[in-house]
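Have a look at the model below and keep it open while you read. We'll walk through some of its helices and sheets together.

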Amino acid sequence: MKIAIAGGGPGGLYFAALMKQLSPGHEITVWERNAPDDTFGFGVVFSDETLGGIENADTVIYDQMARRFARWTDIDIEVDGHAFTVGGQGFAAMSRKDLLHLLQRRAAELGVTVHYESEAPDADELRAAHDLVVAADGLNSRIRTKYADSFVPSLDHRRNKYIWLGTDLVFEAFQFLVKQTEWGTMQIHGYPYSASGSTFIVEMHEEVWRRAGFDATENESFPPGVSDEHAVKKIKEIFAGELAGHQVLTNNSKWLNFTTVRNERWYDGNVVLLGDAAHTAHFSIGSGTKLAMEDALALAACLHEHPSLGEALEAYQRERKPVVESTQRAAQASLEWFENIGMYAGQDPVQFCFNLLTRSRRITFENLKERDPEFAHRVEAAFAEASGADEVAPAMFQPVDIGPLRLKNRIIVSPMDMYSAEEGVPTDFHLVHLGSKALGGAGLVMTEMVCVSPEGRITPGCTGLWNDEQRDAYRRVTDFVHAQTTAKIGLQLGHSGRKGSTRLMWEGLDQPLDEGNWEVIGPSALPYGEGCHLPREATRDDLDKVVADFVAAAGRGVAAGFDLIEIHAAHGYLLSSFLSPVANKRIDAYGGSLTNRLRFPLEVFDAVRAAVPGRIPVTVRISASDWVPDGNTAHDAVEIARAFVEHGAAAIDVSSGQVTKDERPAFGRSYQTPFADLIRRLVAEPAGVKVIAVGAISSYDDVNSILLAGRADLCALGRAHLYNPHWTLQAAAEQDYRGQGAAWPNQFAAGSRKPPASRTDRVPPRLALLRHQAGQNVHVRWTPGS
């Protein structure tokens, strides 16, 4: 093949070297705009997985890299004068300049033509004259821009400011230094890369950056290679204690805003993107150089394995894009955590460290136990102490209070519509469904959305509490839960609004009934989506009736024996529609500003709170994001939660979306938990109100990680309990927990131990002269020359 590569950074050069090794007949030309000795940045960090790939692909390069590696396993975290070390991680780093020189020499040895200080010819010219054009031309890729209609790039410019520096202070481990200054929170990301230097990245929120006076050079344009000396001087002053007299090194160092690059497609005809041209991920998670070299390895392999260029490029995209997107999701979570780091300033230092370590969700509590058991125990013990618990136990099994209601553990069976009622009356199905979940060990079992009126149903199969027959049927359920289990049971009350009068879920979700329709109302005459009912705009009389229906239903809920009542103001139902600017276009006192949109939901909440005895907490579920332009955002959710807290909500149950069919949610593991974290930190915790996280939480490890990090006080799981009604009891068995937080029913006690699996009775022989000690080699420091 005749191959053109725009960009002579590590990704482009490594790809060239690999292709030449696969076939010396390839004619490969690289164009690099900088001189061979020009390189920006200091160190490059690699994972063991990436290094394994490099070792398998090119032992020459790997051996040369390995001789230069700084290796360590520790992460040092310093916050508010408290220092912590967490081990067992595994890092390898080297000088970026050294890496570039290795790759330059390797490419030259293999016969690759490299034009330094040369811009690549026009992309149209390159693709006409070459079999393959590789765009390895970086974040501001000219080739990607030229063919933007094909690649469909999106560039997300973030708000934090950071500056890339070096220091002759040789760190012994990865460093997170978090400093509270008179201007706000600043942090350092640092790591060693050689026997003589370390990377030293300073990052802070833009508002902190401005208050500190770093914006003095905001309008200056620095030529390539010139650094912002004003910033460097001030950083030396602020971090003088941490630097301990050592120098701050510069290399084209100036303030930047991180840009996350994504592309829908990675190739177009014979042009393919590689490295930063295709994607970026925040530096707090991974090295761009590491990702680019992984791209190069995958692209070379796919070109060698497939018979045609088109098949090879499609395979490359299919193989790499999901891997990169997974990394980007983790990086996005990490990036956003650091953008909001100021809100954790008052967090307990041990919990702060765990929060930092698990910010991307790639490290969890179970991971930490494997990596550093001693620190993991410290985290668990700190949580137990803060909770006022009598024993150190898994966080999920620590008791918790929602207002006056004490729960034995922090697991909630989330409300899930079953669509199996008869004229609103719960049946034997509901008794078995809710009873089995209570027997399964959860601290709180929630009903599905129980509708306050016939016209407030979603489907004909929804349960209700508009008459005494329904009350008495639910009393049968609560009596069973209270008599046979140690769980509590909660009632979720709601009105379907514009999403009512639809078919059962398995007959057509959100589709209008073919017959037996009833009139639906909403804040405005706007349908939920295409093909949905057009609601009638609710009148004052309608609103008064809805308030009265909620109050009457709440009264029946109290009489039915429920321990807690939740107002459903999420998922696009009536109260949620009033809150959302995409569903509420009213021009009266109930529409327009957020204050106005809150007015009716708060009227309902206040009326229910007044009608319910103080011994029964009243909570609210909200949608923290509408996931559409011009809809409610996380910022709005904070103010919505604040309003309900001020009106007496005992807990905020934080969900999101389902307000419009046009939504585009960012699905992923625990994807709604950051909303819960934000609301807990800014609103709920200072008021002594609990926050419930919900949404794609399915493992006990994720539950414990969320709780230990302080992102929520409880976790609600839905589908996990459909998969396994005894989810909580199984989690107790898996964690070898026996206590009041997961008391097994007497009838099930024989199953309280994890069943034996194949070969669990096998006693292994001793095959080692020296026994492995727990915690051995957890902490490895970079100490060159020792």
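How are α3 and α4 oriented to each other, roughly parallel or roughly antiparallel?

## Two helices side by side

α3 and α4 are roughly antiparallel to each other, a label used for angles over 145 degrees, with roughly parallel kept for those under 35. The axes of α3 (residues 59-66) and α4 (residues 96-109) cross at roughly 150° and come within 11 Å. Here an axis is a line fitted to C-alpha atoms, for helices over the stretch in contact, and angles run from 0 to 180 degrees between N-to-C directions. Helices are DSSP runs of H or I with at least four residues, strands are E runs of at least two, and both are numbered from the N terminus.

The crossing of α3 and α4 is right-handed, that is, the near helix is turned clockwise from the far one by less than a right angle. Val-60, Ile-61, Gln-64 and Met-65 in α3 meet Leu-99, Leu-102, Leu-103 and Arg-106 in α4; contact means heavy atoms within 4.5 Å. That contact splits into six nonpolar residues, one polar and one charged. Ala, Val, Leu, Ile, Met, Phe, Trp, Tyr, Cys and Pro count as nonpolar, Asp, Glu, Lys and Arg as charged, and the others, Gly among them, as polar.

## Where the picture comes from

This is a predicted model, where local features need pLDDT of at least 70 and side-chain atom pairs count only at pLDDT 80 or more, while totals for chains, interfaces and linings use all residues. Residues are numbered from 1 along each chain as its sequence is written, and side-chain values use heavy atoms, with hydrogens and water left out.

## An open sheet

Six strands make an open sheet in the order β8-β2-β1-β9-β17-β16, with mixed pairing. Two strands pair if DSSP finds at least two bridges between them. β8 (113-116) and β16 (267-268) sit at the edges with a single partner strand each, so one side of each has no neighbour in the sheet.

β16 runs antiparallel to β17 (residues 271-273), joined by two bridges, and Asp-268 stands opposite Val-271 in β17. β1 (residues 2-6) and β2 run parallel, with five bridges between them; Ala-6 stands opposite Trp-31 in β2. Five of the six residues of β2 (residues 27-32) are buried, so this strand is largely enclosed by the rest of the structure. Buried means under 20% relative accessible area, exposed over 50%, and partly exposed in between, using a 1.4 Å probe and protein chains only.

## A closed barrel

Now for the barrel: eight strands close up as β20-β21-β22-β25-β26-β27-β28-β29, with parallel pairing. On average, neighbouring strands here are turned by 25° against each other, direction ignored. β20 (residues 411-413) and β29 (residues 714-717) run parallel over three bridges, with Ile-412 opposite Ala-716 in β29. Helix α23 (residues 673-687) packs on the sheet and touches β26, β27 and β28 (690-694).

What about β26 (residues 618-623): how many of its six residues are buried? Six of the six are, so β26 is largely enclosed by the rest of the structure. Val-618, Val-620 and Ile-622 cover one side, with Thr-619, Arg-621 and Ser-623 on the other. β26 pairs in the parallel sense with β25 (residues 564-569) over five bridges and with β27 (residues 651-655) over four.

Methods
Angles under 35 degrees count as roughly parallel, over 145 as roughly antiparallel, 65 to 115 as roughly perpendicular and the rest as oblique.
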